[in-house]
Amino acid sequence: MILFRYLTREVLLTMSAVAGILLLVIMGSRFIRYFSDAAEGDFPVNILGSLMLYHLPGFMELILPLAFFLGILLAYGQLYMNSEITVMVACGMSPTRLLKVTLLPASAVAVVVGVCSLWLTPAGALQTAAIIEEQESRLDVSVLAPGRFQEFGGGRTAYISGFNDDGSEMRDVLIHEHRQPGDDGTHDYVTRAVSGYQETRMETGSRFLVLNDGERYGVTPGQRNAERLTFESYTLRLGLSRDRQELDSMEYATTAALWRDDNDRAQAQWQWRAGLPLMVFILAIMAQPLSRVNPRQGRFAKLLPAVFLYVAYLSLLLAAVDAVGSGTWSTTLGLWPVHGFFLVLGLSLIWHSQRKGMR
């Protein structure tokens, strides 16, 4: 039990360090991308935290298998460097028992990966898409930046020169509404106002932009005539005139729905989600013999080949997902031959390591 706790602690601590670094890099890259979009006025800055939180399960389901794989390589490699495994062998630790010890923390990691891939990731992806679609489908004062033209859903473009001191009222507002295919009427509209502010109707929850002291022009491209309306107060509804599109992508579907769906794309997505926890066990089996190094080589001697092996595994899985989803590969076989190949490879590496002995 003491030996089990020691080995598990070494592997999990190393895995946590690797996962933290990878998560910081990936989330930092995605945060910069979202922050750039927010600076362009695509959505408010205050939803960045929600977007990053909903993306977290999707990051974890890919980071944890790699981090656990590298954690075993680095932790066991250090044990070989310090000749601690030599002492374990002298005390009766066999390769089979070491594999059992390795698979126990792998079970915990596989459960976390399974929860992410089967439930949390599709739910987070759906929430992310819903938030972004909602922001794209409405004009919101909070996303407007002074001094630039910004596009919104429904063919709208807005420009403001600035805000008042408390930020509640816009100055020098210009809004262009381009006629969309299928809309009634033939005019494009240009609305200019001295000031404007956003108003929410509590009874309906609808939001409106109230413009003061301005003019509204209705023009038809190619014609000289135009309609002109002068107003002291004009209310413009913030939102798309067309219905909201449904989020029916396979990426957002629940795992149970994918299981019942016979569509090729649905089966490919389901097998991808179900295969990620299995991937953790297969990587653990491959990592144990790969971690065996000569003290003169250093524990990083087999790290690069191991990373190439992981990249090949993941690349073949993604290629199989595309092949099954496009119908060029049988859904019955699906992704399982890829998992089976690397499982056999891992068992072969263990058998070869046992023949050489644990020195």
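Hi everyone, this is a short walk through one predicted protein model, from its overall make-up to a few of its residues.

A word on the ground rules. Residues are numbered from 1 along each chain as its sequence is written, and side-chain values use heavy atoms, with hydrogens and water left out. Because this is a predicted model, local features need pLDDT of at least 70 and side-chain atom pairs count only at pLDDT 80 or more, while totals for chains, interfaces and linings use all residues.

Let's begin with confidence. pLDDT is the predictor's confidence in each residue, from 0 to 100. The protein averages 82, and 84% of the residues score at least 70. Over residues 240-247 the pLDDT is below 50.

Now the overall picture. You can find eight helices and seven strands here; these are DSSP runs, numbered from the N terminus, with helices (H or I) of at least four residues and strands (E) of at least two. Of the 359 residues, 43% are buried. Buried means under 20% relative accessible area, exposed means over 50%, and partly exposed is in between, with a 1.4 Å probe and protein chains only.

Let's zoom in on helix 1, residues 2-39, where Thr14 lies. What does the side chain of Thr14 reach at 2.8 Å? That would be the backbone oxygen of Glu10. Leaving aside neighbours within four places in sequence, Thr14 is in contact (heavy atoms within 4.5 Å) with Gly71, Leu74 and Ala75. Phe31 is in helix 1 too, and it counts as partly exposed because its relative accessibility is 36%.

A salt bridge is a side-chain nitrogen of Lys or Arg within 4 Å of a carboxyl oxygen of Asp or Glu. How many does the count come to by this rule? Three.

One of them joins the side chains of Arg216 and Glu177, at 2.9 Å from N to O. This pair links distant parts of the chain, with Arg216 in strand 6 and Glu177 in strand 4, 39 residues apart. Both Arg216 and Glu177 are buried.

Next, Arg192 and Glu215 meet at 3.0 Å. Arg192 lies in strand 5 (residues 188-200) and Glu215 in strand 6, so this bridge ties together parts that are 23 residues apart in sequence. Is Glu215 buried or exposed? Glu215 is buried, because its relative accessible area is 12%, whereas Arg192, at 40%, counts as partly exposed.

Then there is the salt bridge between Glu215 and Arg228, at 2.3 Å. Arg228 is in strand 7 (residues 226-237), so here the parts tied together are 13 residues apart in sequence. Arg228 is exposed, with a relative accessible area of 53%. Through shared partners, Arg192, Glu215 and Arg228 are joined into one network.

Finally, a look at the backbone. Most residues other than glycine have a negative phi. Asp172, however, has a positive phi near 50°, and this residue lies in strand 4, residues 169-177. Asp213 has a positive phi as well, about 55°, and its place is in strand 6, residues 207-219. Asp213 is partly exposed because its relative accessible area is 45%.

Notes: A polar contact is a pair of N or O atoms within 3.5 Å; within protein, one must be able to donate a hydrogen and the other to accept it, and residues adjacent in sequence count only if both atoms are side-chain atoms.
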